[in-house]
Amino acid sequence: MSFNKKLFFSSINQNGRTPQKVYDELNKEFNFDFDPCPKDPDFDGLTISWSSCNFINPPFKEQRLWIKKAYEESLKNKICVMLLPSRTDTRIFHDVILPYAYQIRFIKGRLKFQQYKNSAPFPSMIVIFKKKRKSIILKFLSVL
Ligand SMILES: C[S@@+](CC[C@H](N)C(=O)[O-])C[C@H]1O[C@@H](n2cnc3c(N)ncnc32)[C@H](O)[C@@H]1O
């Protein structure tokens, strides 16, 4: 295995902070008013009600819970924009993201999360949950 397994699975790696450029681009488009899992939370983002337009880069360990929560919040007319590892082989991708996401943007290239020198060892995607969906929209973005 070529990457450092210990480092990759350590707790600090569960929390790769969003690259500023990625956040700024998305914020320009969506004008977020809430981050339910911020850098230093003083609330439990999984149990509170979210705001009208949310940006979510969830802790890696509990992604299923955050994806389900984002979907549930979208049913209350909220927009939830998630930055997630692009794992298209997972159950959550097939059970929740593919059937219910409004849009998925697959990112070409690997993101460099804020606190790391190197790019992530996994691809990323932006998943948008929004109440009104006719059919899913797929997009491809480049960070290169
Ligand atoms: C991947 S980091 C994202 C941080 C920041 N939102 C960003 O995009 O750079 C995930 C964050 O979720 C926070 N977190 C973990 N569990 C949480 C919870 N139950 N409620 C709120 N925040 C939580 C962690 O403290 C961590 O900072």
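1. The largest nonpolar core in this predicted model holds 21 residues. Within that core, the residues with the most contacts are Ile56, Ala70, Cys80, Val81, Met82, Ile126 and Val127. Two or more core residues come from each of strand S1 (53–56), helix H3 (63–74), strand S2 (79–85) and strand S4 (124–129). Strand S2 supplies the largest share, with 6 residues.

2. Setting aside neighbours within four places in sequence, Ile126 is in contact with Val81, Met82, Leu83 and Arg105. Val81 and Met82 are also listed among the core residues with the most contacts.

3. On the overall arrangement, the chain contains 4 helices and 5 strands. Their order along the sequence is α-α-β-α-β-α-β-β-β. The chain has 144 residues, and 22% of them are buried.

4. On contacts across the sequence, consider pairs of residues in the chain that are at least 6 apart. Of the contacts between such residues, 65% link residues at least 24 apart.

5. The ligand is surrounded by 15 residues. Arg17, Thr18, Cys37, Pro41 and Gly45 are the closest of these. By residue type, the shell around the ligand consists of 6 nonpolar, 5 polar and 4 charged residues.

Technical notes. Residues numbered from 1 in each chain as written. Predicted model: local features only at pLDDT ≥ 70, side-chain atom pairs only at ≥ 80, totals over all residues. Core = buried A, V, L, I, M, F, W, Y, C linked by C-beta atoms within 7 Å. Buried ≥ 20, exposed ≤ 12 C-beta atoms within 10 Å, placed from the backbone. Contact = placed C-beta atoms within 7 Å. Near = placed C-beta within 6 Å. Nonpolar A, V, L, I, M, F, W, Y, C, P; charged D, E, K, R; others polar.
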